[in-house]
Amino acid sequence: MATEMVLSHRPGVPRGEVLSEAELEELAQRKPPSKTSVRGCLRKARCSASTAKSLLFRFLPVLRWLPRYPVKDWLLGDITSGFSVGIMHLPQGLAYALLAGLPPVTGLYSSFYPVFLYFFFGTSRHNSVGPFAVISVMIGSVTESLLPSEKFFISVNGSNTTIVDEVKRDAERVQLVATITILSGVFQVALGLLQFGFVVTYLSDPLVRGYTTAASVHVLISQLKNVFGVSVGEYSGPLSLFKTFIEICRKLPQTNVGTLVTAIIAMVAIFIVKELNHKFASKLPMPIPIELITIIISTGISYGVDLKSKFGISVVGDIPSGLKPPVVPKTTYFGQVVGNAFAIAIVGYAICISLGKIFALKHGYKVDSNQELIALGLSNFLGGFFQCFAISCSMSRSLVQESTGGNSQVAGVLSSLVILVTILKIGELFRDLPKAILAAIIIVNLKGMFKQFTDFRTLWKSNRVDLMIWIVTFVATLLLNLDIGLGASVAFALLTVIFRTQLPHYSLLGRVADTEVYKDVAEYQKAQEIPGVKIFRSSSTLYFANVEMYAEALKKKSGINVDRLIAKKKKVLRKLKKHTRMVKPRLPPSLQATEAECNGPGVAVIELSGEESSAPAEPTLRSLGLPQPDFHAVILDFSSLNFVDTVSIKIVKNIFRDFREIEVDVFVASSSVLAQLERGNFFSSTITKQCFFPSVHDAVLHISGEQHTAPVRTCPGSPHHRHGEGQPSRPLSSSPSPQAHLSTKM
């Protein structure tokens, strides 16, 4: 792991003089921490014409780009693109309304109002907002759990036969979904205004891809009943997917052959034409609208042959024409759906912003993540009053919008106008459209999501922790359903981050010859440790969950049992103190000779008098007869730290204390958390900024004494500072002292 090296020195002085952080602060005149006052905030928030204009342009980006719209260059492409996407909106809107358990007209509304609103507030030029399969299936799971069809059974003419009151059920579900949509919009707008656009970063790419893949399986299973023409119960909660699948398998003998044949023919036709569209994309002016063609042909056949009466094929039913007035949602649903609304808000935004950034990077413009939250939120919030369900961005529609020449959201507005014409005049013509056709459209459009299973191979080679996140997300979403599965997946992804910070890579650094670069000695053969100096580095920041392991790893890497040596020192000092109390102040003359003999030849016992004798020197490891470390300094490389907490500050102070007990100086290099250490009362008379250096190399020069123009400065309170000011290395006596004799006797 490379560490940035910066050699600091005074101007006009040879580069040999190394400056500590304390001297650098004085030389560079570090500014005091800024304090934000209420008056300063009010002054910044003071209204002015320029501020109002800036805010208006920020929240209505259309005012910024529309006056500069290049009509000659972009208009034709946007018209072609808008018509193409509008044609896609029609069948997908009907299909995704079916997926959400709602009447088909709500899909058309959701393809009109939000798309039109996004034109004013969005910053992405190529995102095609509207109904999306994953969001629709999330909404469908809520409608089926809170308002299942069983609640709306009515008897037929007073007999024991019961049927579902679909009109009443659909009306209740529309109100429920409108509540979810409005709440999702509120969450998105609030997060955008609070500048919380970064919240989507907690949904990593493997998590989102694993989640959408599992959601596509939910979509597939939910549409099998429409493919086989069987009726199944509506399940919710954990394992609901498997309950639905088991019931469908049990009812396979009841399959409606006409429905199955219709679905298979539609799926084959749509799949083949889509593949041709992809293969000849460069030669076709616009993709063949196979979904619309399939809907028109199947509706005509259904109406002419009367498939519903003759073969029992289920059809869409009445689609009312015209726009409906806004309706206030039921507030009684708020408490029941608030969690689902938040999950839908986050997932919808995550998909939208990820697509927006892809197109922005490709075409060289910027997407404002917070403004995208606001745009999506306002589209959902206002659309909820008009019987829309929550929307997001569709990859397939966005790709068509881009490939057919779309350059701005003018294409989006034109596509919404296509849907408006359908709502006003054409929608009622699709009443005989078989539901099997819509199921076929949904299933074929899942192809892109099922391709994400290839992530296994990629993640296995690149990052197996991300692969584990993908698998856990996929399995949890299948087992626990979409809402609980998302929460469990996010929790697991965050746990992997915690585990990775708890188990970082610890290394001892050595200097690469003839450079100022320091590398891991276990990884680089040319990196050699500095004699007498241990340079320790962690690949993670320090906080309460890993700082204890940091201290243990440091002591282990140092090659000496620090705690045991400290315990031995304390034990010897206790014995020495006890022995001193028992010895008389002055020995008899007969014993003085014996004491001199015990001290060994050539060793003189110097008796000090006055103030010097009243303050004896502090015992050292050598004088106590204890083993000494083979190094005299430790450098803690803090270049990986970006924050510290109170627990880590306490443990680092303990590291200074413990190593000083065994006469080893501790220094810190490349620290970017000085201000946080100051606020945490880290510095004291024994730990000062004289121990901190801008780089590892500066600290090494300071310790090794390679500087020529200034003496080596030790940290106050360090063993070298106490034993001798300005000594570059540990002072070593030539022979044992009386304390050593006493310790050996004990």
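Q: How many aromatic pairs does the count come to?
A: Two aromatic rings are counted as a pair if their centres lie within 6.5 Å. In this predicted model, the count by that rule comes to 26 aromatic pairs.

Q: Are the rings of W65 and F119 stacked or edge-to-face?
A: The angle between the ring planes decides, and over 60 degrees counts as edge-to-face. The planes of W65 and F119 stand at 80°, with the ring centres 5.7 Å apart, so this pair is edge-to-face.

Q: Which parts of the chain does that pair tie together?
A: W65 belongs to helix α4 (residues 62-65) and F119 to helix α6, so the pair links parts that are 54 residues apart in sequence. As for cover, W65 has 22% relative accessibility and counts as partly exposed, while F119, at 10%, counts as buried.

Q: How do the rings of W470 and F474 lie?
A: Planes under 30 degrees apart count as stacked. For W470 and F474 the planes are at 20° and the centres 5.5 Å apart, so the pair is stacked. Both residues sit in helix α21 (residues 464-502), and because they are four residues apart there, about one helical turn separates them. W470 and F474 are both buried.

Q: Which residues form an aromatic cluster with W65?
A: One aromatic cluster consists of W65, Y69, W74, Y109, F112, Y113, F116, F119, F120 and F386. The pair of W65 and F119 described above has both its residues in this cluster.

Q: How do the axes of α6 and α15 cross?
A: A helix crossing is read from the distance between the axes and the angle between their directions. Here helix α6 (residues 104-121) and helix α15 (residues 369-384) have axes that come within 9 Å and cross at roughly 145°. The crossing of α6 and α15 is right-handed.

Q: Which residues of α6 and α15 meet?
A: From α6 the residues are P114, L117, Y118 and F121. From α15 they are Q371, E372, A375, L378, S379, L382 and G383. By type, the residues of this contact divide into seven nonpolar, three polar and one charged.

Q: Take Q371 in helix α15. Is Q371 buried or exposed?
A: Buried means under 20% relative accessible area. Q371 has 2% relative accessibility and therefore counts as buried. If neighbours within four places in sequence are left aside, Q371 is in contact with R58, F59, P61, F121 and T123. F121 is also one of the α6 residues in the contact with α15.

Q: How far apart are V475 and G210?
A: In sequence they are 265 residues apart; in space, C-alpha to C-alpha, they are 8.7 Å apart. V475 has its place in helix α21 and counts as partly exposed at 38% relative accessibility.

Q: What share of the contacts joins residues at least 24 apart?
A: Of the contacts between residues at least 6 apart in sequence, the share is 80%.

Q: How many helices and strands does the chain have, and what share of its residues is buried?
A: There are 30 helices and 11 strands. Of the 746 residues in the chain, 49% are buried. The accessible surface comes to about 36900 Å², and carbon and sulfur atoms account for 62% of that area.

Technical notes. Residues are numbered from 1 along each chain as its sequence is written. This is a predicted model: local features need pLDDT of at least 70, side-chain atom pairs count only at pLDDT 80 or more; totals for chains, interfaces and linings use all residues. Side-chain values use heavy atoms; hydrogens and water are left out. Helices (H or I, at least four residues) and strands (E, at least two) are DSSP runs, numbered from the N terminus. Buried means under 20% relative accessible area, exposed over 50%, partly exposed in between (1.4 Å probe, protein chains only). Contact means heavy atoms within 4.5 Å. Accessible areas come from the Shrake-Rupley method with a 1.4 Å probe; for residues, only the protein chains shown count as cover. Axes are lines fitted to C-alpha atoms, for helices over the stretch in contact, and angles run from 0 to 180 degrees between N-to-C directions. A crossing is left-handed if the near helix is turned anticlockwise from the far one by less than a right angle, and right-handed if clockwise. Ala, Val, Leu, Ile, Met, Phe, Trp, Tyr, Cys and Pro count as nonpolar, Asp, Glu, Lys and Arg as charged, and the others, Gly among them, as polar. Rings of Phe, Tyr and Trp (its six-membered ring) pair if their centres lie within 6.5 Å; planes under 30 degrees apart count as stacked, over 60 as edge-to-face and the rest as tilted.
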